[in-house]
Amino acid sequence: MPDFTKEHALNAVIALGLLVVPLWAYFAGEIFTITLFTRITILALAGVGLNIALGLGGMVSFGHAVYFGAGGYAAGILAQHAFNGAPLLGLSGSNQMLVIWLVAMAVSGLLAAVIGAFSLRTSGIFFIMITLAFAQMFYYFAISWPAYGGEDGLPIYVRNQFPGLNTMRPLELFLICWGVLMAGLALFATLRASRFGAALMAIRQNPDRVASLGINPFGIKLAAFVISGMVTGLAGALMADLSRFASPAGMAWTMSGELIVIIILGGTGRLFGPVVGAAFLVGFEVFFGGLTEHWKLWLGVVLLAAVLFGRGGIVGLIAGRERFG
Amino acid sequence: MTLALLFEQLLNGLQLGLMLFLMSAGLTLVFGVMGLINLAHGSLFMIGAFFCAAVAAASGNFWLGLVAGTAAAAAAGALIEVTVLRRLYTADHLDQVLATYALILILSEGTRIIFGPFPLYLDVPASLSGTVDLGLTLYPLYRLALIGFGLAVAVGLWFLISRTRLGVRIRAGENDREMIAALGVNIRALYTVVFALGAALAGMAGALVGAVQAVQVGMGEPVLILAFVVIVIGGIGSIKGAMVGALLVGVIDTMGRFLLPNIFATFMGASQASSIGSALASILIYLLMAVVLVLRPKGLFPPHA
Amino acid sequence: MKLHNTLLACASALALSSGAALADPVTVGMITTLSGGGAGLGVDIRDGFMLALEMDGSDAIHLVVEDDAQRPEQAVQIADRMIQSEGAQILTGIVWSNLAMAVVPSVTAQDIVYVSPNAGPSPLAGAMCNENYFNAAWQNDMLHEAAGAYANTLGYNDTFIMAPNYPAGTDALTGFKRRFDGELAGEIYTQLGQTDYAGEIAQIRASGADSIFMFLPGGMGISFMRQYAQSGVDLPIISAAFSFSQDMLPATGEAALGVYNAGQWSPDLDNAANTAFVAAFREAYGRTPSIYASQGFDSANLILSAVAAADIEDRDAFRAALRAADFTSVRGDFAFANNQHPIQDVYIRQVVEVDGEITNQLVGLAIEDYVDVYAADCAMN
């Protein structure tokens, strides 16, 4: 284990801050702040998922919105079948979050396995374009397939349930999402420190050398890609419950772009990078969106500056260069 | 289904393919020479259409608009190359993705600020309006002109690359960047020229297509994604691959949208067949891409095979 | 935006000068599309709405406007904020059915009133109707049904019908077919956002149809009409107002001339309220209002009439005041059906050129006192 670094301190501050602000907001009656922080934790979780593929494995997926959207649909479709009692492939639907999460992860993991099996035959710029194109394919399909609302999307009338908590209360929903995010971060840290993570990072740097050691780079990358898709899919299910709505818009290429933005702004490969990136993006949108219709132009300027001058993202800016490989 | 209809649909596919080629050629050229992935290529398409529409409206002359749209896109391309992208040639693809994504946001909002939120009007020139009788069927003259125009640009591009000094340098740049710098070629200027050339092709496509489409913010991104599919199929960096890929995508997309609902209609109701057929047709070219990837992971014409 | 700020400034200045004697203004949150390809519609709804507030002159309403960028999750977030942090008690403004489906059910469940200035998806008119949901525009099928009814009047017998492959598109074709008595020469679903219609036009040419019904909103309609004009196919077209509204016509140009389109309003509709509205809109914004602007204007006047008649805190009384619809609509007669969607006449307009401007002109009445078919599924009465 490395020593307690500046980054560890920063991580602890962020994790606690993420918890304390909504608690304060609860007592101050600022309900919307809780909603906003719930959104941040969910987007951060989606980012943590992508960070496994992108940050650890160097796989620049420009199509992670597919898993996010698929997770949302898993939640929406199960809830709809639970709501109207119609069977789904012979089984009944469910309005239990724990069941929905498992299904969401299974579905998005399966999708990631299929897309990854094709896309990982290539690398670099090919990989970027192919993941984007496959995501677009599912997006068009979701829009035009009439069974679950098509472009109109799928409303969830009653938020899905979690044992012992009332998910309709903003604070309790937030606590669930915070807990899941912390679990996601723990998974990321464990993966990074494991032999699997070491192999993954080694493949990123020198695939041929790893192959010569008798390790199959394709298998390891595909496994990481599937795990990555599952975590992002779980975030999608949570987002559907927060907005009580699943829609193809969650699969749009702009969503994939935002997930990449979240990771790079925060700091690629950094444990808490996606959390910082998500907080920044949501904060920027709320603040500048209220000031001007043209806030996206300013977001573009900030992103450009981040690429040209701010290497290492916000976490890198505060905590210095990364210590891990 | 008649022979005439099939023939007309083939022409439509050919025309779509050639316009896609104009878009893909610039994208693949920029990648081949500079190793850059440019998501903002669709924004240059949009800029070409907007400036063409604005100038054509002010002057009453479409051709003046076409020149202006092409020039505006080339200028915008040169500007972003000099100010931003030049710094990213040695960066990894991730930085390029983020920077050009940021450029999409900036160029889209910038266009909206300059031209307003409503779509612009751009009509085909009077000399190219109406239809011609091709024997089998009537066909819009303007679309026929687009086919001719696309072919002419393709030939011109081939001539430029294989027969001129600039072409020699471009080919040298694709093979070995350090070497042409050592030969004393001003590599910075070359990169700017190549990028502006790619931008001009995109802008020209935007202006040409803008005359039969809505000229509006966001018109570039769907075309950009199709262009990605084209160059993945063709082989990234290969002009020839872009041509073959563009024609394949153009024809298969057009024929799929036309034939699939008709095929489904033979065994289900017309309404349902059209709905399901159209849903499947929309994913056909992505399936084509997947098949090509399985058979040839580097595309049909990998540049350094 | 400038007008917006001035308005707010005026409103707050008024509030300061008139002091605490007046009741607090009711906060109305407007979530609408001000950026992206569909911004033209949201801008017109907003401008129409604000014009009504300005002409009313009272400061009974405090308006907060926010851009949803045509993204459902964005709209949901804004709705949450407007309710939870800005104390909005009425929401309005959404342009698109899919955004309305994302926002409306959870908003009305929190006992917040929603007034729709544009979208009217069928679930909200039928089984999911809600006492807090009011539609001041139309149910989605309404204008397409009117087009179908008028196609009979025009003697069309073999019509080719076409719409994008998404719920509003299938609703459009279903709506048209519900009223149309003739044969169908063909039925095509296109891709959403499609820009090239050469393939569809070729099929129309080959089908031997005598007329076309199409629903292609926004840029899709502009693309289709311009390509159609170049195709040499010269069949009459009937449609709903969405592709031929005033915000679209300048970009479509002469290609749109002669097209019949169904709408509950037209700029030349002859009533005093409408004449005043069109003149004031031209004066304030320098352009002719679109059908969306008229719906924004009506939504504002509907809300103003209820705010004047009842206290928003007393929801039952306020809802009753809204249901009474005691305001002068620029479309003429206006009343709510049991599902709180309009009972109204739908006209047929034709695209013409008047004094160099391409605009719509009334040519006939398609259906009278229309109640949408989903009202029967609504449990309210």
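**View 1. The salt bridge between chain C and chain A.** Across the interface of chain C and chain A in this predicted model, one salt bridge is found. The partners are C:Arg71 and A:Glu258, whose side chains meet at 3.5 Å, N to O.

**View 2. The side of chain C that touches chain A.** Helix H3 (72–84) and helix H4 (97–109) of chain C are the elements that give two or more residues to this side. H3(C) provides the largest share, eight residues. By class, the side of chain C that touches chain A comprises 12 nonpolar, nine polar and six charged residues. In total, 27 residues of chain C are in contact with 28 residues of chain A. The area buried between the two chains is about 2,500 Å², and carbon and sulfur atoms give 54% of this area. C:Gln77, C:Gln84 and C:Asn98 supply 21% of the area that chain C buries against chain A, more than any other three residues.

**View 3. The interface of chain B and chain A.** The contact involves 46 residues from chain B and 42 residues from chain A. About 4,100 Å² is buried between these chains, of which carbon and sulfur atoms give 85%. On the chain B side, B:Leu94, B:Leu98 and B:Tyr101 lose the most area to chain A, together 16% of what that side buries. The count of salt bridges between chain B and chain A is zero, whereas four residue pairs are in polar contact, both residues being at pLDDT 80 or more.

**View 4. Helices of chain B that touch chain A.** Four elements of chain B give two or more residues to this side: helix H4 (93–115), helix H9 (220–234), helix H11 (270–281) and helix H12 (284–295). The largest share, 16 residues, comes from H4(B). The residues of the side of chain B that touches chain A divide into 34 nonpolar, six polar and six charged.

View 5. C:Arg226 is found in helix H9 (residues 219–229) of chain C. This residue is buried yet has no salt bridge. Leaving aside neighbours within four places in sequence, C:Arg226 is in contact with residues of chain B, including B:Leu120, B:Tyr121, B:Leu122, B:Gly210 and B:Gln213. Within chain C, C:Arg226 is in contact with C:Ala251, C:Thr252 and C:Ala255.

Conventions: Residues are numbered from 1 along each chain as its sequence is written. Chains are lettered from A and ligands numbered from 1 in the order in which they are written. This is a predicted model: local features need pLDDT of at least 70, side-chain atom pairs count only at pLDDT 80 or more; totals for chains, interfaces and linings use all residues. Side-chain values use heavy atoms; hydrogens and water are left out. Contact means heavy atoms within 4.5 Å. Buried area is the accessible area (1.4 Å probe) that two parts lose on being put together, summed over both. A salt bridge is a side-chain nitrogen of Lys or Arg within 4 Å of a carboxyl oxygen of Asp or Glu. A polar contact is a pair of N or O atoms within 3.5 Å; within protein, one must be able to donate a hydrogen and the other to accept it, and residues adjacent in sequence count only if both atoms are side-chain atoms. Ala, Val, Leu, Ile, Met, Phe, Trp, Tyr, Cys and Pro count as nonpolar, Asp, Glu, Lys and Arg as charged, and the others, Gly among them, as polar. Buried means under 20% relative accessible area, exposed over 50%, partly exposed in between (1.4 Å probe, protein chains only). Lys and Arg count as positive and Asp and Glu as negative; His and the chain ends are not counted.
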